[in-house]
Amino acid sequence: MSGYGKEYAVIVVGAGHAGCEAALAAARMGCSTLLLTMGLDTVAQMSCNPAIGGLAKGHLVSEVDALGGEMGLNIDATGVQFRRLNMKKGPAVRAARAQADRMAYSARMKSVVEKEPLLDLKQGSVVELLVSGDVITGVRIREGLVFRGNSVVLTTGTFMCGLIHVGLNHYPGGRAGEPASEGLSDCLRRLGFRVGRLKTGTPARLSARSIDFTKLEKQTGDKQIKPFSFLTERIEREQVDCYIGHTNERTHQVIRDNLDKSALFSGAIEGVGPRYCPSIEDKVVRFPEKSSHQTFIEPEGRFSSEMYPSGMSTSLPPDVQLQFFRTMVGFERVEIMRPGYAIEYDFVEPTQLNLTLETRRVAGLYHAGQINGTSGYEEAAAQGLLAGINAALRYRGRNQIIIGREQGYLGVMVDDLVTQPLVEPYRMFTSRSEYRLLLREDNADQRLTGLGREVGLVDDVRWEVFQRKQQQVEQGQRFLAEEVITAKQRDVVDIFDLGELKSGLTLEALLRRPEVKISQLADVYPLLASINGAALEQLDGNSCKIRGVYSAAA
């Protein structure tokens, strides 16, 4: 073994969504950091759906951003369609989601990583963890080179002993076209860690020019885009369209006729798959009463011909995939550019972690992302950020942080992982949080930016933006509490259909009514109209809080 001659405070293994956040956090907190990846061209690669956000996942992105992470800024800069979900429901469950230009997302994140002064990005496949006693001291890559470090963050994704299944064919791989990581799983077992096996999958990528979009339902983006990041003032760019298609009985019959060729149903796959995101053949078998399943046809990028059929992941052979797609309306002449596949991979049972994401068995070793049995870019990024922060704090000799369940969805996720046995890949849902009425996207900065500032990750620019917003929120809250509508104000009474007022009604009380929106009040009262959109949204959300609970949870 030969040493590199340079010692790092933090070494991050894997440059996916977890790895990028971990490495950027540690470097921005003043630690010399190494980010090792098996391929320099696949930094922050979107292996499956080219999208960020969604229900509960959008909340995680807002929390990553509030703490000083990069994901929100990256999707704001590279998104091609933005939509707010659940807008007919309460503020707590509204969520941002955006289609990303897959290549642009990766390229921008790589550029950010490369420009970070204290961060080195290098290519190398880690095959061994170096441990002295019960303390991590570095890593060794396949080429024999040793890198020494105070802490190591493992963010291996689906690469540890990855096995790809296409029909009855299977071969090692961490992702289509990329090799698996060999050696690290055995090393972790030798160190005494319990290692398990999970499975996930992805659909085929379809050629846009072979799809008849006139037969599909068009889905456009929002006219007024709400950014993910608290730092992004506005997004003004042309959006691309998505489309909605459907399977039918002919599709289902093709799938049923070929189940013996599916890796999932032939017994070739041992790992447990995600119950909430089943393959199309799994849907057909589990829900025989359904004559149709919906699929969202989403672009892989602004200048790409590849289309992603959401909800159509499969392990059937490519010829069968082509056959069942061509039974669908609008896809009669479709061409497959990349076949779908299933993948099995090793994970390390997360109950072996502390709430800081540091392992209990080896000091200075942290796990984040799919190595902990989670699924999704957003879950990975949030864990990576927390692990990177704590690795940096450990190097500085400071107390590591724990995010409580009452502080954020990040806290809920980590607490679930560390305390509950994992029976399937973990995905974040709003229903997992007992504090979900209080943990909104709009107030993530109120909950977490102060903590980010305290640990040294939130810079002066973000802190100033946060303080300005909070000043406006406080000003607005005072106005709502003090401004009273009386019976004499007939114009205001009529606007809000208040009938015969017998006593005064504060704007705060009026705003609690589900049919009244803060934007309506801003149309009437100039002071509210002078408050920016982000602060107004928080005021609207605050009006829905349960008195007494919020103060106890904050």
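Guide: Strand 12 and strand 19, the latter covering residues 341–348, run antiparallel and are joined by eight bridges. One of these pairings can be named by residue: Gly 201 has Ala 342 in strand 19 as its bridge partner. The model is a predicted one, and what follows describes that prediction.

The two strands belong to an open sheet of four strands, ordered 11-10-19-12, with antiparallel pairing. Strand 12, residues 195–202, is an edge strand of this sheet, as is strand 11, residues 169–172; each of them pairs on one side only. From one strand to the next, the twist averages 25°. As a general point, the strands of a sheet pair through backbone hydrogen bonds, in either a parallel or an antiparallel sense.

A second open sheet has six strands in the order 14-15-16-17-13-18, and its pairing is antiparallel too. Its edges are strand 14 (217–219) and strand 18 (336–338), each pairing on one side only. Neighbouring strands here are turned against each other by 35° on average, with direction ignored. Lys 218 has Tyr 243 in strand 15 as its bridge partner.

Next comes the empty space. Rolling a probe the size of a water molecule over the atoms shows where such space is left. A search of the whole structure finds one cavity of 30 Å³ or more, and the volume of the largest cavity is about 30 Å³. The lining consists of Phe 82, Arg 83, Arg 84, Ala 96, Arg 97, Asp 222, Gln 224, Ile 225 and Lys 226. Strand 4 (79–85) and strand 5 (95–100) are the elements that give two or more residues to this lining. Strand 4 has the largest share, with three residues. By class, the cavity lining divides into five charged, three nonpolar and one polar residue.

Lys 226, which lines the cavity, is also among the residues nearest the centre of the second largest pocket, together with Asn 532, Gly 533, Ala 534 and Glu 537. That pocket holds about 1300 Å³ of space and is lined by 42 residues. The elements giving two or more residues to its lining are helix 2 (57–67), helix 12 (444–455), helix 13 (460–482), helix 16 (518–524) and helix 18 (533–542). Helix 13 gives the most, six residues. The pocket lining comprises 17 charged, 15 nonpolar and ten polar residues.

One side-chain pair remains. Asp 120 is found in strand 6, residues 119–123. The side chain of Asp 120 makes a polar contact of 2.7 Å with that of Lys 6. Apart from its neighbours within four places in sequence, Asp 120 is in contact with Lys 6, Tyr 8, Thr 33, Leu 34 and Leu 35.

Note on methods: Residues numbered from 1 in each chain as written. Predicted model: local features only at pLDDT ≥ 70, side-chain atom pairs only at ≥ 80, totals over all residues. Heavy atoms only, no water. Pairing = 2+ DSSP bridges. Axes fitted to C-alpha atoms, helices over the stretch in contact; angles between N-to-C directions. 1 Å grid on protein atoms, 1.4 Å probe; cavity = no way out; pocket = protein on both sides within 12 Å on 5 of 7 lines; lining within 4 Å. Points joined across faces, edges and corners; volume = space filled by probe spheres on them. Nonpolar A, V, L, I, M, F, W, Y, C, P; charged D, E, K, R; others polar. Polar contact = N/O pair within 3.5 Å; in protein donor to acceptor, adjacent residues only side chain to side chain. Contact = heavy atoms within 4.5 Å.
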